[in-house]
Structures are given as structure tokens and as C-alpha cells.
Amino acid sequence: MPVRGSLLLVDDEEKIRRVLGQALRAEGHEVLEAASASEARRLLAERSVDVMIVDNLMPDMTGLDLIRELVVAMPEADRPQILMMTAHATVESAIEAMKLGALDYLQKPFEVDELLVVVGRALDHQRLRTHQRYLLNERDEEFNHYGIVGKSRVMEEVIRKAELVAETKSTVLVSGETGTGKELVARAIHARSAQRGMPLIKVNCAAIPETLLESELFGHLRGAFTGATSTKRGKFALADGSTILLDEIGTMSPMLQAKLLRVLQEREFEPLGSERTQQVDVRVIASTNRDLRQMVSDGTFQEDLFYRLNVIPIEIPPLRSRREDIPVLIEHFARKHQQRTGKRIDRIEESVVTDLQAYDWPGNVRELENTIERAVVLSTSGVISAAAISVLSTSTALPLGLPSLKLRSNLEWVERETIRRALDDARGVKRDAAELMGISQRALSYYLAKYRIS
């Protein structure tokens, strides 16, 4: 299937713009036209494009000067691929443009088919550039480095459903407690889909302040708000032709829920500050650790959006309800972290495996992996014993002895100890610690400040 993209065609001759624009649109591309370099600058300030096709000889500024200006003003990661159109007499300028970073040039007169081939190659380069950037960020997080491990019937059903839905472009809602592996399932779906050649674009809705999340999702134009010094493409634009993972969808505000609903219904959106609608072809996978049905009943989550997201529901069970998977996971994580650390672990004591199966794992698979990683790293021999397992070497129950008979000081002591233990189990991740304690991140911030816990 040919790659389609957004193109900016810059030429002062109206006839050339009309003929080339018609041919490019017939191939499914979105084409913006500019009759001058100054108009091209204005359009580039308003929105991003994948490829700019620019003529060299124009009245107000040459194409080469426009390219020089673009190279200085815009980081390479944000720049479109550049193609220059040039007459024979200005081939030297085209070569100079390529030295500056232009991908290729077309010598006039040229056939329309030649243009289509070169534009297709430029779009491939642009997609590869985006892909590479995400791969660099995520190369240590590919799902098959961790694997969806489990032999229980419920996990086999999760894997079976993920493989089936991967063959479609249906919207998926992955739900489960913190640490159960929701992102791994999303990665597995994407990796087995027809869009696997493109990067999986991830957005953690809970980690981005509400005031910035709209810009992160849909992009913005320069000057759209205070601090918007340049035009930025949003995650939905980056995910065009691929898959977007909206993690912690339950934290999204009602206003953004309405905008997301429109994307799911109409497959279009407007960046902040823009009146121009952008079409998008994207597969949405959402994940949550909240009960969205209850949130719908409570009026905090839009019912229409819930049903749009819940086309294919996949629920991942907590680790305590599939204890038969724990020995397999222990072996998997021990092997993984041996390879990462260079440590040699010959065996894990049987009593350790039995005790770990009996533990309730409030942090689920993530907590189990952290526990095994810690044991491997701190191991001084080839055997992992109970002493090396933090959840076994410290009692999970509060001690019977209290620091005093003063009620207020005892309550404060319990609060401090609970927060410290939750932070330890969550390895310092405050959002996860708050979830373990069943309180909001704002409440946790209050207690951290109250007890001066850093």
C-alpha cells in the first residue's frame, strides 16, 4: 500500500502548482500550495508537513535561500523532507541544497511519474526518521524483551485474544491493575499487526499535566499559547498509519474525552490554534487500571467514549489470581537479569518459590520483576535464598509495638511507615505508590510534604 502524506508545493507558477497538485492529490496525498517563499514560511509556521517540494527560482526568495532559512530555524527532527525543482542552469544550486539536507532534486522538465516516485521515496525516509526516533527511545522496552509470560488458562486466553485482534484495526481497551502488563499486551498487538513496520506511539495520560495533554495529543501552532515558540506535531499526527497507545485513559478530563471521541468517530482533529482539520488513519489502544463502567455511572467518564473504546475488551488478571504463573515468571526474570547484569545464578531455593507464590503481590508482575532483579543484583553466590528476597525478609504486617500511647503520634507513625513501604515497593514511582495505598497522587504529595519524605 503506497505511503500517503502531507506535502507543501512551493512554486510561483500557478499552472505548475495546479498540474502537480492534481497528480499528487490523485495519489491520496494532502497537498498545500504556496506561490512564494514567504507564503511557504507562513504555512510551515501554521502546521507541519512530511515533504516540501520547492522550486529554486522564485521572485521574492530562491528555494535555496528558503532551505537555508529552514535548516537554521527548525531542528532536523521537526523538518520536512525537502525536494528541489530546478532548471538545468541551476543544478549547482540543487546540489548545494542537498548538501544542506535536501533529499533529492528534480530537473525540469520532468515527468509526473518521476515526481510521484521521488515523493514516495521522501515519505518513506520521513517515516523511517520518525520510526528511528521512537526506536531509540524504546529499544530497551520492546515487548519481547520482557515477554508475556504465563501458562495459566486466563493468560492463554489473553494472548489468544491479543493475537486475534492484532489482525484487525479495531479499537482495544486493555484493563487491569497496576503492574499487570497492560503495555506489554498493547505492544504484542501492535507487533503482530499490519502496522508493525511503524512505531507504536505511546502517551501516558496520567503523567502529562492536563494543560499540556491536549497539545501533546493533537499538536499546536506557534503562538497558540504562552510558550508555544514553534509548531509541534501531536502524537495522533505521528501515529498516522500506525497505532497509538493511550495509557491511563481514565485520568483524561471531560473536555479531552470529547475531543478524543471525535477522533474515534470522525478520524479527524485540529491542532491547538489551527482552523485546519487534519485527517488521521490510526488504530487506538487504550489502557486503564480504573473501573471505567463505574466512572460512567458516576458521571466522570463519557458513556459514548467508553463504548467507542470498549470494542475489544482485554482484561488482565492480577498476579494473585494466577499464582501458577509465578514460578514461570521467576525463572523468566532471573534469566533476563542474569543476562543484563552478567551475574550467574545456578538455582533459586524451592522454599523461596513456594513463599513467593503465597505472597499477594499488590504491585503484580512489575513488583515481582523488581524483587527478582534486586535479588540477582545483590546475590553474592549462585543461589538465591530467602534472605535476598525483600518481600520475604521484611514482614508485610505492621508491628504490634507502637511508638507510644499517644493516639495522634501513633497515627502519624502509621502514615509515615505506610508511605515509606509503598514507595519502597513502587521503587520510588509516586504514581504507583499512590495506587498501592489507594489514594490520589495529590494526596500523596500532601503527605510527603507533611512528613518531609523525599
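This is a predicted model: local features need pLDDT of at least 70, side-chain atom pairs count only at pLDDT 80 or more; totals for chains, interfaces and linings use all residues.
## Overall make-up

The chain has 454 residues, of which 46% are buried. Its secondary structure comprises 20 helices and 14 strands. Along the principal axes, the C-alpha atoms occupy a box of roughly 90 × 50 × 40 Å.

Contacts between residues at least 6 apart in sequence were also sorted by separation along the chain. Of these contacts, 70% join residues at least 24 apart.

## Helix H1

Helix H1 runs over residues 14-26.

Arg17, Leu20, Gly21, Ala23 and Leu24 are the buried residues of H1. Viewed down the helix axis, these buried residues lie within an arc of 165°, and therefore they line one face of H1. Lys15, Gln22 and Ala26, on the other side of the helix, are exposed. Just after H1 comes Gly28, which adopts a positive phi of about 95°.

## Packing of H9 and H11

Two packed helices are described by the distance between their axes and the angle between them. For helix H9 (residues 210-218) and helix H11 (residues 254-266), the axes come within 11 Å and cross at roughly 15°. Angles under 35 degrees count as roughly parallel, and H9 and H11 are therefore roughly parallel to each other. The crossing of H9 past H11 is left-handed.

On the H9 side, the contact is made by Glu210, Leu213, Glu214 and Phe218. H11 contributes Met255, Leu256, Lys259, Leu260 and Val263 to the contact.

## Leu378 in H16

Leu378 belongs to helix H16, which covers residues 364-378. The relative accessibility of Leu378 is 59%, and the residue therefore counts as exposed, the cut-off being over 50%.

Ala388 is ten residues from Leu378 along the chain. The C-alpha atoms of Leu378 and Ala388 are 7.1 Å apart.

H9 and H11 are roughly parallel and pass each other in a left-handed crossing. In H16, the residue described is Leu378, which is exposed.

Note on methods:
Residues are numbered from 1 along each chain as its sequence is written. Side-chain values use heavy atoms; hydrogens and water are left out. Helices (H or I, at least four residues) and strands (E, at least two) are DSSP runs, numbered from the N terminus. The expected span of a helix is 1.5 Å times one less than its number of residues. Buried means under 20% relative accessible area, exposed over 50%, partly exposed in between (1.4 Å probe, protein chains only). The arc is that of the directions from the helix axis to the C-beta atoms. Axes are lines fitted to C-alpha atoms, for helices over the stretch in contact, and angles run from 0 to 180 degrees between N-to-C directions. Angles under 35 degrees count as roughly parallel, over 145 as roughly antiparallel, 65 to 115 as roughly perpendicular and the rest as oblique. A crossing is left-handed if the near helix is turned anticlockwise from the far one by less than a right angle, and right-handed if clockwise. Contact means heavy atoms within 4.5 Å.
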